[in-house]
Amino acid sequence: MKLLVTFSRKKGSKPIIAQVVRDTGVLINVERAIIDSSEGEALIDVPDDQCQLVRNTMISLGANVHILEHGIGVNESECIDCGACISICPREVFSLDSHWKLQLAEEKCVLCGKCIEACPQQALTLPL
Amino acid sequence: MGVLLPNCGNVSYSGAGVLNPLSNDPKLRLIGSGVSIFLCGAEGMVVGEGTQHSPAGGFGTLMVTGDLKEMSQDYLRAATMTGYGVTLYVGLGIPLPVLDIDVVRATAVRDQDIFVDLLDYGVPSRSRPALRKVSYAELRSGVIEMHGEEIRTSSLSSFKKAREVAGELKRWVESGAMQLALPTRPIDAKKPVKPMYESTKGPRVRDIMDRQVVSIGEDEEIRTAAKKLLKGETNHLPVINSDNVLVGIVTTFDISKAVANPGKAHLVKDIMKKKVITATPDEAVDIAVQKNNISALPVVDGGHHVIAILTAMDLGKLFGRRWLK
């Protein structure tokens with residue numbers, strides 16, 4: 001399950017993710033992280049059964065945690081199944097099936113948003 | 001062009017390939033003025049050749065007409081392409097009457113028979129170098145191979161929609177809703193396009209690179225490399241193997257380090273940096289220098305042979321010449 005962790009600048013100076021890994025023993029896979037002077041955001045992947053534990057521990061350390069049920073979303077009425085998103089996706093989320101219809105492997109998505117600007121129909125949106 | 005990733009990171013293409021009417025009638029015997037067509041769900045007509053019609057170069061275009069009010073959103077959509085701008089997706093189908101054996105042959109075309117040039121859009125010139133020929137079958141497969149690497153492809157037009165257009169057009173013809181017609185005036189099938197003259201050009205690596213490049217063999221001694229550096233008054237020596245292929249680079253820093261800490265390293269190949277960032281002559285200077293923050297780039301040809309070197313010093317040539325206006 002994927003979690004989106006956001007923290008303010010003050011909290012960003014503490015090793016929150018490392019501490020959660022040490023305290024809970026859960027192996028956290030950081031798939032994407034942006035940390036700058038004012039705030040930080042990290043997309044992490046954790047095993048489903050330990051998701052709540054990690055979430056609670058992170059919240060107790062002062063981070064905001066959203067559980068992400070979905071990856072990138074496609075608006076079926078806008079999508080024309082061209083496939084412009086396929087080659088630019090770093091995680092190979094998109095593919096065409098045997099009827100040339102666009103398929104999504106949502107679980108691979110790391111919500112980087114690269115496909116959003118590539119879509120000629122503006123049919124792709126991030127959840128949240 | 002859609003989103004293009006740096007360093008041949010992806011390939012984008014457009015067009016329906018095997019379902020493209022112009023690929024099925026390359027001599028334009030059946031497509032011409034007055035021919036009834038499927039145009040975005042309405043019945044339209046071919047007027048004549050379109051702008052930049054260049055069938056000699058494999059890119060014929062058509063001017064068509066139809067009633068917008070009868071068209072369907074299923075086949076007519078607004079779109080925005082990164083690096084191109086605002087455009088329209090237009091679903092267009094042309095019924096081709098099978099009149100004789102030549103039409104049968106022409107319409108038997110397959111994706112693997114339709115070849116196009118694979119162009120490097122990293123080169124800022126109207127005549128971009130063709131990296132190689134590529135067929136629609138390869139493009140459609142999702143991956144093409146280049147320099148031993150797999151590069152993913154993206155279509156910018158929908159093949160699913162193209163099939164829907166073809167299916168709908170077939171129903172029209174079968175039900176008698178569309179009458180087939182032959183052109184009343186043919187379209188020139190051999191005309192090349194003559195685009196406007198390109199009056200300004202950005203500097204490319206070939207314009208400022210230093211062709212007097214000194215290189216060294218990988219099995220030479222470090223002393224020899226030091227001498228060459230002194231004699232050539234340079235700080236970078238590309239290292240080549242016995243086949244003259246670039247395998248590394250040594251700098252004055254590497255040699256100073258080897259001299260300051262004498263160890264088991266005696267040969268150039270022991271101290272050279274094996275990961276060399278290179279440039280090609282056709283690359284734009286600004287793209288080439290952005291590849292790294294080091295001070296020299298060996299310039300290589302297709303076979304990875306060193307033909308020149310581009311150093312920070314060469315960038316000075318950009319000043320006071322025709323580039324600076």
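This report describes a predicted model with chains A and B, going from chain A to the contact between the chains and then to parts of chain B.

**Chain A**

The secondary structure of chain A amounts to 4 helices and 8 strands, and, when the chain is read along its sequence, these elements follow the pattern β-α-α-β-β-α-β-β-β-β-α-β. Taken along the principal axes, the C-alpha atoms of chain A fill a box of roughly 50 × 30 × 20 Å. Chain A has 128 residues, of which 30% count as buried. Among the contacts in chain A with a separation of 6 or more, 65% are accounted for by residues 24 or more positions apart.

Within this chain, helix α2 (residues 16-24) and helix α3 (residues 51-60) of chain A have axes that come within 10 Å and cross at roughly 130 degrees, which makes α2(A) oblique to α3(A). The crossing of α2(A) and α3(A) is right-handed. On the side of α2(A), the residues that meet the other helix are A:I16, A:V20, A:D23 and A:T24, while α3(A) brings A:L53, A:V54, A:T57 and A:M58. Sorted by class, the contact of α2(A) with α3(A) has 5 nonpolar, 2 polar and 1 charged residues.

**Where the chains meet**

The contact takes 15 residues from chain A and 24 residues from chain B. On the side of chain B that touches chain A, the elements that give two or more residues are the strands β1 (10-13), β6 (76-81) and β12 (149-155), together with helix α4 of chain B. By class, that side of chain B has 8 nonpolar, 11 polar and 5 charged residues.

**A sheet in chain B and the helix across it**

Helix α4 (residues 159-175) of chain B, already named for its part in the contact with chain A, also lies across β3 and β8 of chain B, and it runs at about 135 degrees to β3(B). Those two strands belong to an open sheet of 4 strands in chain B, with the order β5-β4-β3-β8 and antiparallel pairing. Because β5 (62-65) and β8 (92-93) of chain B each have a single partner strand, they stand at the edges of the sheet, and one side of each is left without a neighbour there. Strand β3 (residues 36-39) and strand β4 (residues 42-49) of chain B pair in the antiparallel sense over 4 bridges, and in this pairing B:F38 has B:E43 of β4(B) as its bridge partner.

**A helix pair in chain B**

Helix α6 (residues 222-232) and helix α7 (residues 252-260) of chain B have axes that come within 10 Å and cross at roughly 135 degrees, and α6(B) and α7(B) are therefore oblique to each other. The crossing of α6(B) and α7(B) is left-handed. In α6(B), the residues B:I222, B:A225, B:A226 and B:L229 meet B:T252, B:I255 and B:A258 in α7(B). The residues of this contact of α6(B) with α7(B) divide into 6 nonpolar, 1 polar and no charged.

Strands β17(B) and β18(B) run antiparallel and are joined by 5 bridges, and B:L310 in β18(B) is the bridge partner of B:L297. Strand β17(B) is largely enclosed by the rest of the structure, because 4 of its 5 residues are buried. The hairpin of β17(B) and β18(B) has 5 residues between the strands, and B:H304 in this hairpin takes a positive phi near 65 degrees.

Most residues other than glycine have a negative phi.

Key:
Residues numbered from 1 in each chain as written. Chains lettered and ligands numbered in written order. Predicted model: local features only at pLDDT ≥ 70, side-chain atom pairs only at ≥ 80, totals over all residues. Pairing = 2+ DSSP bridges. Contact = placed C-beta atoms within 7 Å. Axes fitted to C-alpha atoms, helices over the stretch in contact; angles between N-to-C directions. Buried ≥ 20, exposed ≤ 12 C-beta atoms within 10 Å, placed from the backbone. Parallel < 35°, antiparallel > 145°, perpendicular 65-115°, else oblique. Left-handed = near helix turned anticlockwise from the far one by under 90°. Nonpolar A, V, L, I, M, F, W, Y, C, P; charged D, E, K, R; others polar.
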